[in-house]
Amino acid sequence: MKMPAWNDLTANRQPAFELDRAFYDAIRAAHPRARLAEKFVVEPYSGRGFLVKQGQTFRVIEETGQQIGAVAMWNAHERREDLNTGRTTGPDSYYITMGTRLWSDVPWFRPMATCVDDTVAPPADAEFHHHTCVGGHCTPETMQMRFGVTGLNACRLNLLQAVTPFGLNETDLRDSISVHQKMWLDPESGSVSLAKSEAKRGDYVEFYAEMDLLVAVSVCPLGDGTVDPTAPGPDAVRPLGIEIRDTGIAPKPFPRWTDWRPTWKGRWVPPN
Ligand SMILES: [Zn+2]
């Protein structure tokens, strides 16, 4: 028997857990009437943390084009519930575009935000994608691995500096997604290749908040994804814009999972 894909909507699944496309189409259609609640720019080599209420959307916008970013998020009232990209790739995908849900881990395991718009044109080389759940954010450690230089700025530093004012610390920052970053996942080896971002000035990706969120965005020091951070050159790293809007549309409640823990017979005992 061939197992159905997680996201095969023809499989025998509970409809309550499936994406209601009409609901998110309505949110996108409501955009011209949505009130702009907040707008700001995240400058090169920096990060910014901000709150997004449930029912609001936030856009990550190319101010001048070809700039990649890292986005992390938490339940604004419960920092232990955060974005989990591994969980996201199961019911949804490695790739993020309209209709992709971003999930938290168990015991919550529910959509935190849903992509409702994506203007970045699909690359001509169709195996590439621009917004992904793959690879995490760059860190000083990965910079040292790739470029042999210690102490480089990295998305991790930007994200940490963004969330410190909200009381979060290093152990709270785990996963993130990459936006506007052109990437290819080799189907044979599973390895990741980066290419120069094709996101143009004014392009954006937009997410609808399924709950009150703390969001952090980093402007990646890798610029368009191919910049050498040891010698970036002028204007190699560019700003990203953020816009938060009130849609006036409340999220649909996600079904609660049945709690299996009362049936848990005990703890695992290691063998002698
Ligand atoms: Zn980065």
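Trainee: Does R87 count as buried, partly exposed or exposed, and what is its relative accessibility?
Mentor: Please note first that this is a predicted model. R87 counts as partly exposed because its relative accessibility is 37%, and the partly exposed class lies between under 20% for buried and over 50% for exposed.

Trainee: With which residue does R87 form a salt bridge?
Mentor: The general idea is that side chains of opposite charge can pair when their charged atoms come close. Here the partner of R87 is D105, with 2.6 Å between the closest N and O atoms.

Trainee: How many salt bridges does the structure hold?
Mentor: The structure holds 16 salt bridges. One of them joins D25 to R28, whose closest N and O atoms are 2.8 Å apart.

Trainee: Why are D25 and R28 separated by about one helical turn?
Mentor: An α-helix has 3.6 residues a turn, so residues three or four places apart point the same way. In this case D25 and R28 are 3 residues apart in helix α1, and their separation is therefore about one helical turn. D25 counts as partly exposed at 39% relative accessibility, and R28 counts as partly exposed at 28%.

Trainee: Which residue forms a salt bridge with K182?
Mentor: K182 forms a salt bridge with E198, and their closest N and O atoms are 2.6 Å apart. Because K182 is in strand β10 (residues 182-185) and E198 is in the loop between β11 (192-195) and β12, the pair ties together parts that are 16 residues apart in sequence. K182 counts as buried at 6% relative accessibility, while E198 counts as partly exposed at 32%. There is also a network in which salt bridges that share partners join K39, E243 and R245.

Trainee: Over the face of which residue does K182 lie?
Mentor: K182 lies over the face of F128, at 4.8 Å from the ring centre. Another case of a charge over a ring involves R59, whose charged end sits over the ring of Y204, 3.5 Å from its centre.

Trainee: How many aromatic pairs does a search of the whole structure find?
Mentor: A pair of aromatic rings is described by the distance of the centres and the angle of the planes. In this structure, the search finds 13 aromatic pairs. For Y24 and Y208, the ring centres are 6.1 Å apart and the planes are at 75 degrees, so the pair is edge-to-face. The two residues come from distant parts of the chain, with Y24 in helix α1 (residues 21-29) and Y208 in strand β12 (residues 204-209), 184 residues apart. Both Y24 and Y208 are buried.

Trainee: What are the distance and the angle for W103 and F109?
Mentor: W103 and F109 form a tilted pair, at 4.9 Å centre to centre and with 35 degrees between the planes. W103 and F109 are both buried.

Trainee: Which residues coordinate the zinc ion?
Mentor: The zinc ion is coordinated by the SG atoms of C138, C155 and C220, at 2.2 to 2.3 Å. Along the chain, the donors follow the spacing C-x16-C-x64-C. C138 lies in the loop between β8 (128-129) and α3 (140-147), and C155 lies in helix α4 (residues 155-163), 17 residues apart. C138 counts as buried at 12% relative accessibility, and C155 is buried with a relative accessible area of 2%.

Trainee: How many residues of α4 are buried?
Mentor: In α4, 7 of its 9 residues are buried, and the helix is mostly covered. Among the buried residues are C155, R156 and N158. The buried residues of α4 pack against β2 (47-52), β4 (69-75), α3 and β13.

Key. Residues numbered from 1 in each chain as written. Predicted model: local features only at pLDDT ≥ 70, side-chain atom pairs only at ≥ 80, totals over all residues. Heavy atoms only, no water. Phe/Tyr/Trp six-rings, centres within 6.5 Å; stacked < 30°, edge-to-face > 60°. Helix = DSSP H or I, 4+ residues; strand = E, 2+ residues; numbered from the N terminus. Buried < 20%, exposed > 50% of the residue type's maximum accessible area, 1.4 Å probe, protein only. Lys NZ or Arg CZ within 6 Å of the ring centre and 35° of its normal. Donors = N, O, S within 2.8 Å, 3.2 Å for Na, K, Ca; no water. Contact = heavy atoms within 4.5 Å. Salt bridge = Lys/Arg side-chain N within 4 Å of Asp/Glu carboxyl O.
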